[in-house]
Amino acid sequence: MPEGRDAGRHGPVVLSVVIPMFNEEDVLPALVTRLRPVLTELGVPHEVVAVDDGSVDRTAELLDAFRLGWPELRVVALRRNSGHQAALTAGLDRARGAYVVSLDADLQDPPEKIPDMLALARAEGLDIVYGVRVDRSSDSGFKRWTAGFYYRLMRRLAGPSVPAQAGDFRLLSRAAVDALKALPDQQRVYRLLVPWLGFPSGQVTYERAPRTAGRTKYPLGRMIRLAVDSVTGFSAAPLRIATWLGGGAFVVCLGLLVYTLTAFALGRTVPGWTSLFTGIVFIGAVQLVCVGLLGEYVGRIYTAVQNRPTYFVRHDTAAPGPAQASVPAAAPADAPAPAPADADDAADDAPSVPLPRG
């Protein structure tokens, strides 16, 4: 191992930059070209934790090539594609910095704002600094509309602490990272979890740029899944909506009952097909909606009860040696645990699988 890399490994790291990546071979050269000078000019000990989320292109190959000339670059490779939020969790779990910045690889969020985030956190003693988009003109009209609707909905359900137009570009203090790691949530949505902590926070604004290269990793399907996870993970409002829908259906049924009795009293005993069909369809639709909402919450309970790890690490370049098994073997009950030489070695020798949450 080169001397510089060894020094970076055992020295105190002030800033960690966590970057989840999935099939980012097209944008990687531009990312390194812009990010590395920013961190070098910052003049503090740092590391860049690139989390390869099971990429199937040349992302892993390019990361290994860049590591040869960039000692601060650290690669955490996951065994399979686990999703953006799970890859971000893997990076936060393994980052060693006193401050941790999460950044997407597509360069829509400018790495040049990282020094401003760090300076603001240090000057005002903040635990969280959000990157807030003040201009999204580079996004399509549909993207801007859906994003605006999402943030309005989240602020209404999860509270006004959720900053509008703040994604996953943020700075966290070590205290905030440790608090997140202690939470039992498995299906994590950090843009809601982080504000929920209630730690002192600030904002740095920027204009959102178009994606430098490659394809978006958040198509419509994943955006809908993120919205569903956000709503069901932070609010019981959908269950109350189901209750109101059930109440409305009951009122409609009472109205139909009054109509039927009135028709019987007036001698109109032949029921109308339209009213019968409308009533059946309405009641069926309400029942399906309510069952679907209940199913979302039951599914989250099922996932929590399973308590499966959200990701598996194949290797971490900060911990040299053969890749560890996904499930650590159980040691004999009377076998003493070996004492690590120091705290850094203890972190490097930890099992690849994260401890179950909850």
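Two strands pair if DSSP finds at least two bridges between them, where strands (E, at least two residues) and helices (H or I, at least four residues) are DSSP runs numbered from the N terminus. This is a predicted model, in which local features need pLDDT of at least 70 and side-chain atom pairs count only at pLDDT 80 or more, while totals for chains, interfaces and linings use all residues. Residues are numbered from 1 along each chain as its sequence is written, and side-chain values use heavy atoms, with hydrogens and water left out.

**Exercise 1.** Determine how strand E5 pairs with E6 and with E7.

*Solution.* Begin with E7 (residues 201-207), to which E5 is joined in the parallel sense by seven bridges; here isoleucine 128 stands opposite serine 201. Turn next to E6 (residues 166-173), which pairs with E5 in the antiparallel sense over four bridges, leucine 172 being the bridge partner of isoleucine 128.

**Exercise 2.** Decide why E5 and helix H4 can each be called largely enclosed.

*Solution.* Take buried to mean under 20% relative accessible area, with exposed over 50% and partly exposed in between (1.4 Å probe, protein chains only). In E5 (residues 128-135), six of the eight residues are buried, so the strand is largely enclosed by the rest of the structure. In H4 (residues 84-94), eleven of the eleven residues are buried, so this helix is likewise largely enclosed; among them are His84, Asp93 and Arg94.

**Exercise 3.** Locate the elements with the lowest and the highest mean pLDDT.

*Solution.* pLDDT is the predictor's confidence in each residue, from 0 to 100, and its mean over the protein chain is 77.
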